[in-house]
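This report concerns the fold of one chain and its contact with a second chain. The structure is shown first, and the description follows.

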Amino acid sequence: MLPESVAENSTALAINHQMPGAIVDAVNAADGPVLYIDPVQIVPVCRFLKDTVGFEQVIGITGVDWWPRAPRFEVVYLLRSYRHNQRLRMSVRLGEREEIDSVTSVWLGANWYEREAFDLFGIVFRNHPNLERIMMPADWEGHPLRKDYPVHGHKYSYRDE
Amino acid sequence: MKDREGYTHVASLDAEHELAVEDPSGLEYPKPATARRMILNMGPQHPSTHGVLRVVLELDGETILSARPEIGYLHTGIEKQCEHEKYQQVVPLTDRVDYLSNLNNNQAYALAVEKLLKLEIPAFAAWQRVMLCELQRISSHLVWLGTHALDIGAMSVYFYCFREREDILKLFEMYSGQRMMTSYIRPGGLALEPPRGWHKVTSRLVERLARGVDEYQNLLMTNPLWCQRTQGVGGLDLDTLVELGVTGPMLRAAGMKVDARKDQPYGAYPEFDFDIPTRTTNDVYGRFEVRMDEMRQSIKIVRQALEGMPSGPWQADAPNILLPDREKMKTQMEALIYHFKIVTEGYRVPEGSVYAVVESPRGELGYYIVSDGTAKPHRVFMRTPSFGNLQSLGAMLEGVLIADSIAAMGSMDFVLGDVDR
């Protein structure tokens, strides 16, 4: 069932028509609707959005940490369609130990964004070609953008000196 | 010394395949005993990487077989820092992300917060923002032109470009007291009242810039060396560019007419008349031409702003968000209370999330802000154009010569602070 707040949105209608049940929730943000997608169906939804609806570019993928709330993480997908001059924001809610499929098979450009989300939040993207740290050194411990990671760092801190 | 993928750092000789040395000049070189597949580490301190970017190149002679950009040397954790500052304290941090276009960063952040607060800003402030951001675009493109030309070997352009850029920075100093880290555009309007005489100084500056841009293009576009080094170099087909997340002048040089200022206008841009320059050559030279034309369009916008600048206040009427006038603080109790509350507690932003986009000199710059209803943002994600653009470097450098890689990298115009954040 399509949430009422996006019942008029053509993209949401198209997704719902193609894959009923993929949109689990939706909110109207200040810059347009945000669709919450079922994590299991993220790759088919993205594939459909790119090939059929025309969202050619992934502008960014990032995470939000809601600790200590559950489910802990939210993965945010920012999409751009040049053909229709539209933007779309999708979110996926993820539990602490849950993994999500990588969308690099859909957009090559998702590669670095998913690496960044993995590096800074510890969100694991399955089937990613090269899921390594991108910002932090390879031997870094912890994921800095998590809310339980102190801002001054839990290691190598000037406070220890 | 080996890195974590087993690549040897300095140089390694690989005796697997024979290399034929063919020199077009007909001179005979002594043939090496073994052919070479070499791993070369370019950067992180290479002067042409403009910051600290490391590119691991796999070479066959001078031809690049594969290139792997390694980033993160300038990662400062600004996004983490933002979560621990009040909304008004984030503004100076946004300056430091892309230090060549700080006003654009200020504006993207301000637009995002204003959308969350549902705050309208006065026309004068919006027009001043447009004018300053366009001057910033010119100054950023001047730095790009100077350093890019220097990389390729044209020295004198660099001095001219930096001379004009310094004039723009002087204007910013006049406005905000700072040359580079201006923090001048803030949620709710501007940080300070524009200085007396800004109109006269800016008009004079714009006339000089208009002459300068033509001069610099003439210096380079008729130079056969420049053309040889840039034409037909660094291309990648349009679909791949789009899929890899490239935005801005690089897409426009590949023939795509995209610009956030026109596609999804923000601020006062709908009231301005300007074009989006495009080229179809999709090479380093095309990007050069696109950026030169963009500077001309920016000058056109600044001239329009100078002619039609509306009058009015330079800040929104929102005493609970903006710091009060110093004079009022000394005479009015309410102003003093608001000042105290803003400085100690900050202002609360309604719960929700927003993604606000501006067109920075490098491409699409967006701020994704999640608010949990407190005075500090829950999450600030900076969608920086350099990060997306740099991702195409590996695909772009496959099969080109090392010397061309310098030209290709220069044409991307990335700022490492913008990539690593």
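## Burial and contacts within chain A

Of the 161 residues in chain A of this predicted model, 40% are buried (a residue is buried if 20 or more other C-beta atoms, placed from the backbone, lie within 10 Å of its own). Among contacts in chain A with a separation of 6 or more, 45% join residues 24 or more positions apart; two residues are in contact if their C-beta atoms, placed from the backbone, lie within 7 Å.

The model is predicted, and local features need pLDDT of at least 70, side-chain atom pairs count only at pLDDT 80 or more, and totals for chains, interfaces and linings use all residues. Residues are numbered from 1 along each chain as its sequence is written, while chains are lettered from A and ligands numbered from 1 in the order in which they are written.

## Secondary structure and dimensions

Chain A contains three helices and seven strands, with helices (H or I, at least four residues) and strands (E, at least two) taken as DSSP runs and numbered from the N terminus. Their order from the N terminus is α-β-β-α-β-β-β-β-α-β.

The C-alpha trace of chain A spans about 60 × 30 × 25 Å along its principal axes.

## Contact with chain B

The contact involves 28 residues from chain A and 34 residues from chain B. On the side of chain A, β3 (57–65), β4 (73–81) and α3 (110–121) are the elements that give two or more residues. The largest share, six residues, comes from β3(A).

How values were computed. A residue is buried if 20 or more other C-beta atoms lie within 10 Å of its own, exposed if 12 or fewer, and partly exposed in between; C-beta atoms are placed from the backbone.
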